Amino acid sequence: MSATPCTLTTTVSLSSTFLSRHGQIEGLSSICLSPWSCKQRRVRKIGAIVTAKFDLKPPPYPLDALEPHMSKATLEYHWGKHHRAYVDNLNKQIVGTELDAMALEDIIRTTYNKGDLLPPFNNAAQIWNHDFFWESMKPAGGGKPSGELLRLIERDFGCFEAFIQEFKSAAATQFGSGWAWLAYKPGRLDVENAVNPRPSEEDKKLVVVKSPNAVNPLVWDYYPILTIDVWEHAYYLDFQNRRPDYVSLFMEKLVSWESVSAKLEMAMAHAAERETEEERKRKQEEEDATEGNEAVEMYLDSDADDSDD
């Protein structure tokens, strides 16, 4: 039985140079779509100095739980060596600096530095990306989502099959090392570029994007809800250079739609809270401006009365 035909959309590829035009978005610092950075950190107080150390969190399943689709050897190598190295290196880089007491997401945004990356960025972003990647998979995964997630996928991509094709294409065609993402694009996007103008009918929808190296959607104000690691060390032991086969198996056998659905729910709730708060601030600013104008008019009227005497 053939898949229902539907219109395919175009994947957005955002390079570090392109992303440098976005800068940091006010109000994003409170988001914590990955609970790891909020919990898996040990804080010590030495005199008046507070230092914090990130710990390596294991995947949410045993290292052999994804077999035969992803081998225990791959997890031991990928998580046990690469992920561990990012954690160790970041702790060394930030100790004694102003970054030392920050949450991981804040370190990422600060060191992204409008695309002119500061040294800790790659390690910080790779820690976040890998934790998010482990959460994107589960034993006996794959299949098809349901509920609100499926409804939005069908609304924004035409049908589930079109989304799968676009996501696979993004992951397979990311040049060199990087990531492919499914993300929720909120309605407040104050950025100056042709791909993502504001306002736009493209807002408040799901999008597929791919990013180079350690860059992730946090730096351009998207809410990631699914990712696949396409750095070669993520799949070489099991697939050698057959990245498309790895990507296909990830979508068919490993992806955790329950995790994706939970992240979508959090993303939409957080985006709605931001909109409500921004609307409250806008109304308050309008009221303050009106009161200020009334005060000036009263002052001018008083001066006019004095001059008549």
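Modeller: Helices α4 and α5 are oblique to each other, because their axes meet at an angle of about 140°; angles under 35 degrees count as roughly parallel, over 145 as roughly antiparallel, 65 to 115 as roughly perpendicular, and the rest as oblique. The model is a predicted one, in which local features need pLDDT of at least 70, side-chain atom pairs count only at pLDDT 80 or more, and totals for chains, interfaces and linings use all residues. Residues are numbered from 1 along each chain as its sequence is written, and side-chain values use heavy atoms, with hydrogens and water left out.

Two packed helices are described by the angle between their axes and the distance between the axes. Helix α4 covers residues 104-112 and helix α5 covers residues 121-135, and their axes are 9 Å apart. Axes are lines fitted to C-alpha atoms, for helices over the stretch in contact, and angles run from 0 to 180 degrees between N-to-C directions. Helices (H or I, at least four residues) and strands (E, at least two) are DSSP runs, numbered from the N terminus. The crossing of α4 and α5 is left-handed; a crossing has this name if the near helix is turned anticlockwise from the far one by less than a right angle, and is right-handed if clockwise.

On the α4 side, Leu104, Glu105, Ile107, Ile108, Thr111 and Tyr112 meet Phe121, Ala124, Ala125, Ile127 and Trp128 of α5, where contact means heavy atoms within 4.5 Å. By class, the contact of α4 with α5 holds nine nonpolar residues, one polar and one charged. In this scheme Ala, Val, Leu, Ile, Met, Phe, Trp, Tyr, Cys and Pro count as nonpolar, Asp, Glu, Lys and Arg as charged, and the others, Gly among them, as polar. An α-helix has 3.6 residues a turn, so residues three or four places apart point the same way.

Helix α4 is mostly covered, with seven of its nine residues buried; buried means under 20% relative accessible area, exposed over 50%, and partly exposed in between (1.4 Å probe, protein chains only). The buried residues of α4 are Leu104, Glu105, Ile107, Ile108, Arg109, Thr111 and Tyr112. After α4 comes Asn113, with a positive phi near 55°. Most residues other than glycine have a negative phi, and most peptide bonds are trans.

The setting of this pair is a protein of 10 helices and six strands. Buried residues make up 46% of its 309 residues. Of the contacts between residues at least 6 apart in sequence, 76% join residues at least 24 apart.

The largest nonpolar core has 72 residues, and Phe163, Phe167, Leu182, Leu206, Ile228 and Phe250 have the most contacts inside it. Helix α5 gives the most to this core, with eight residues. A nonpolar core is a set of buried Ala, Val, Leu, Ile, Met, Phe, Trp, Tyr and Cys residues joined through side-chain atoms within 4.5 Å. Leaving aside neighbours within four places in sequence, Phe167 is in contact with residues including Leu182, Ile228 and Phe250.

Six of the residues in the contact of α6 with α7 are nonpolar, none is polar and two are charged.

Helix α7 also packs with helix α9 (residues 243-254); the axes come within 9 Å and cross at roughly 140°. The two are therefore oblique to each other, and the crossing of α7 and α9 is right-handed. From α7, Phe163, Ile164, Phe167, Lys168, Ala171 and Ala172 take part, and from α9, Arg243, Pro244, Val247, Ser248, Phe250, Met251 and Glu252. The contact of α7 with α9 divides into nine nonpolar, one polar and three charged residues.
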